[in-house]
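Please look first at the sequence and the model on the screen, and then I shall go through them.

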Amino acid sequence: MTVSIIGIGGWLPDEIRTNDAWPSNFGERAHAAGDRTFNDIPESEDPVAAAILARDLATESADLFLGAKQRRVAPETTTAAEAETHAACAALTDAGVNGGDVDLVLSNSIVPDRMSLPSAVSVARAVGAHRAIALGIEAMCASALAQIDVARAYIEAGLANVVLLTQSHLMLRTFPLAH
């Protein structure tokens, strides 16, 4: 049996926030906070790899925005389910698939609308996947990979023919600009 990705869709908010949007004292506050390394990167015994890592970490420590120049910012009123629905509709269009043909909707919302109900339920309803099973797959940074694995398993088991995967990452709304 062959399992294939037949459509991809995405949604980006219209508003773009550049680094100059942050308060003027952001740099002082960032340096006062101490270590801002996001990843625990093991040191390599390979001298070339160690030199590359040291160079990149030094660059990161000098850059307040860790390489980011701009970010897309969703309106405060945009829910995770709405963001995922925009992308889901684009994916279905790209695949040439009707929402009613979807058997399973898997979602992951980094900043969920509700604590207990996954966005998959709202996305399924919004795209017309009324007979689909809707589940949240929360595996942090590996959620997309976990979703692909679950989708493959459902298809190979004959439990689904069309699976729709959605993720939303509305992280900026969780941090004040001074953070």
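Let me begin with a term: contact means that heavy atoms lie within 4.5 Å. What we see is a predicted model, in which local features need pLDDT of at least 70 and side-chain atom pairs count only at pLDDT 80 or more, while totals for chains, interfaces and linings use all residues. Residues are numbered from 1 along each chain as its sequence is written, and side-chain values use heavy atoms, with hydrogens and water left out.

I turn to the overall fold. The chain holds 5 helices and 5 strands, arranged along the sequence as β-α-α-β-α-β-α-β-α-β. Its radius of gyration is 20 Å, well over the 16 Å that the globule rule gives for 179 residues, so the chain is more spread out than a compact globule. That radius is taken over C-alpha atoms, and the globule rule is 2.2 Å times the number of residues to the power 0.38. Helices here are DSSP runs of H or I with at least four residues, and strands are runs of E with at least two, numbered from the N terminus. The C-alpha trace spans about 55 × 45 × 30 Å along its principal axes.

Among contacts with a separation of 6 or more, 79% join residues 24 or more positions apart. Of the 179 residues, 30% count as buried; buried means under 20% relative accessible area, exposed means over 50%, and partly exposed is in between, with a 1.4 Å probe and protein chains only.

How many aromatic pairs does the structure hold? There is 1. Trp22 and Phe65 form this pair, edge-to-face, at 5.5 Å centre to centre with 70° between the planes. Trp22 lies in the loop between β1 (15-18) and α1 (26-32), and Phe65 in the loop between α2 (47-62) and β2 (70-73), so that the pair links parts of the chain 43 residues apart. Both Trp22 and Phe65 are buried. By definition, rings of Phe, Tyr and Trp (its six-membered ring) pair if their centres lie within 6.5 Å; planes under 30 degrees apart are stacked, over 60 edge-to-face, and the rest tilted.

Finally, consider Gly136, which is placed in strand β4 (residues 133-136). Is Gly136 buried or partly exposed? Gly136 is partly exposed, with a relative accessible area of 34%. Beyond its neighbours within four places in sequence, Gly136 is in contact with Ser107 and Pro118. Glu76 is 60 residues from Gly136 in sequence and 23 Å away in space, C-alpha to C-alpha.
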